[in-house]
There are 2 protein chains.
Amino acid sequence: MRKLYELVGTDPERPFSPYVWRTRLALAHKGLDAERVPWRFVEKEVIAAHGSEKVPVLVDGDKTIHDSFAIALYLEETYPDRPSLFGGPGGREYIRFFNSWGDVALNGGIFPLIITDILQLLDAENAAYFRSSREARFKMSIEDFASNREAKVDGFRRSLDPFRLTLRSQPFLGGAAPNYADYIAFGPFQWARAVSPFRLLNEDDLVYAWRERMLDAFGGMARASKGFSL
Amino acid sequence: MRKLYELVGTDPERPFSPYVWRTRLALAHKGLDAERVPWRFVEKEVIAAHGSEKVPVLVDGDKTIHDSFAIALYLEETYPDRPSLFGGPGGREYIRFFNSWGDVALNGGIFPLIITDILQLLDAENAAYFRSSREARFKMSIEDFASNREAKVDGFRRSLDPFRLTLRSQPFLGGAAPNYADYIAFGPFQWARAVSPFRLLNEDDLVYAWRERMLDAFGGMARASKGFSL
């Protein structure tokens, strides 16, 4: 049986890593099952045994793959008869740019808006680890990094313009149906939904409607996971 | 014979529209010739006869297509046996997002950095049209729109991060060889090269090296066109 290590806090039924969500949707797209293994920030030795410091980690038979993008490429190559994650070879080349844009604009744009809420999901040991590791990365306190989020959310919404323009002519980034570009984009929104009541999108935004469609995908898989109402 | 209307100023050998450059490279990718027809901003009636207000306008036999993105889709559909512009159907779906990103981040980011130099390429009548139409669009003077470009170029360079990250793992957005994603991105840089000596990129930037490769593509087609040294 496949196994997917996924980040949780005190509640194992509230997985919140944007990268793990990308992988969960990619698995669903390929019609593949995986046993979900809850994992917490401080449990480094568990995944170190698989050669990784971060989740997602996917164990598939005798193969172990980590990094959500590497997992997507692995799934596409290993299960070519299942629906393509990228719409074929040309899509596979282009997806690197979209993955980079997603990391910079979406993960990077959302992080300061929800980071203080992440602390609420963690026990004391994990919260201490999260704080010290992130403050070392940002070179400032979490509170400074998160300051002024009402102003920052405007910049975040503006940064979605290329996404919004695309949604004027197609319901999903992948075209008529979602594919891995949509999972790249949706992971960060599902992360936010799991951890924070902060409102990222206005209801009249095309991106809001797209997010609703993604919450409904695969029988409402993402909507069924614990989160705040949007 | 195919005909491509392309924007020029006083010098017909210095075409500078970013959108026309996208089309020229797309035609080269497909191995298709087109007679170049110089066109200036005020010559509205010439292209109005083809149902458009802007260039590029491509006349291909009894078909006329305008808008660079529509032309790319037309070429892909009409000449399926020539090399694909998008690497196949999946790429064709994804390209809409990249086209939107290119318009926002590249065309939008470069415009204030080079706009005052565009005026130098135009005769009095075209310069007056360009000034009044752009000032109406920006709701400010061209000089205000262009102010402080030394500071703005830093933001522009930062906005290239997703592009730069992609170039760490592949030489072109299209993968091992350029395709329409690269032409979308290169059009704005070739626009800047044609009109302005202002330095957009540092030499140690991966995007700089990519631009050099694009200038060399198709036998150095873009490099052979008049422009400033970079």
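Two strands count as a pair if DSSP finds at least two bridges between them. Keep that in mind as we walk through this predicted model. Strand β3 (residues 57-60) of chain A and β4(A) meet the requirement, pairing in the antiparallel sense over four bridges. One detail you can look up in the structure is D60(A), whose bridge partner in β4(A) is K63(A).

How far can you trust the picture? The mean pLDDT of chain A is 96, and 100% of its residues reach 70 or more. For the complex, the predictor gives an ipTM of 0.90 and a pTM of 0.94.

Now step back from that one pair of strands. β3 and β4 belong to an open sheet of four strands in chain A, with the order β2-β1-β3-β4 and mixed pairing. At the edges sit β2 (35-39) and β4 (63-66) of chain A, each of which pairs on one side only. On average, neighbouring strands of this sheet are turned by 20 degrees against each other, direction ignored.

Helices pack on this sheet too. Helix α1 (residues 18-30) of chain A touches β1 (3-7), β2 and β3 of chain A, and its direction makes about 150 degrees with that of β1(A). Helix α3 (residues 68-78) of chain A lies across β3 and β4 of chain A, running at about 135 degrees to β4(A).

The axes of α1(A) and helix α9 (residues 180-195) of chain A come within 7 Å and cross at roughly 135 degrees. Because of this angle, α1(A) is oblique to α9(A). Their crossing is right-handed. Among the residues that meet here are W21(A) and L25(A) from α1(A), and Y183(A) and W191(A) from α9(A). The residues of this contact divide into ten nonpolar, three polar and one charged.

Finally, look at where chain A meets chain B. Helix α4 (residues 89-119) of chain A and helix α4 (residues 89-120) of chain B pack with their axes 8 Å apart, at an angle of about 30 degrees.

How values were computed:
Residues are numbered from 1 along each chain as its sequence is written. Chains are lettered from A and ligands numbered from 1 in the order in which they are written. This is a predicted model: local features need pLDDT of at least 70, side-chain atom pairs count only at pLDDT 80 or more; totals for chains, interfaces and linings use all residues. Side-chain values use heavy atoms; hydrogens and water are left out. pLDDT is the predictor's confidence in each residue, from 0 to 100. Helices (H or I, at least four residues) and strands (E, at least two) are DSSP runs, numbered from the N terminus. Axes are lines fitted to C-alpha atoms, for helices over the stretch in contact, and angles run from 0 to 180 degrees between N-to-C directions. Contact means heavy atoms within 4.5 Å. Angles under 35 degrees count as roughly parallel, over 145 as roughly antiparallel, 65 to 115 as roughly perpendicular and the rest as oblique. A crossing is left-handed if the near helix is turned anticlockwise from the far one by less than a right angle, and right-handed if clockwise. Ala, Val, Leu, Ile, Met, Phe, Trp, Tyr, Cys and Pro count as nonpolar, Asp, Glu, Lys and Arg as charged, and the others, Gly among them, as polar.
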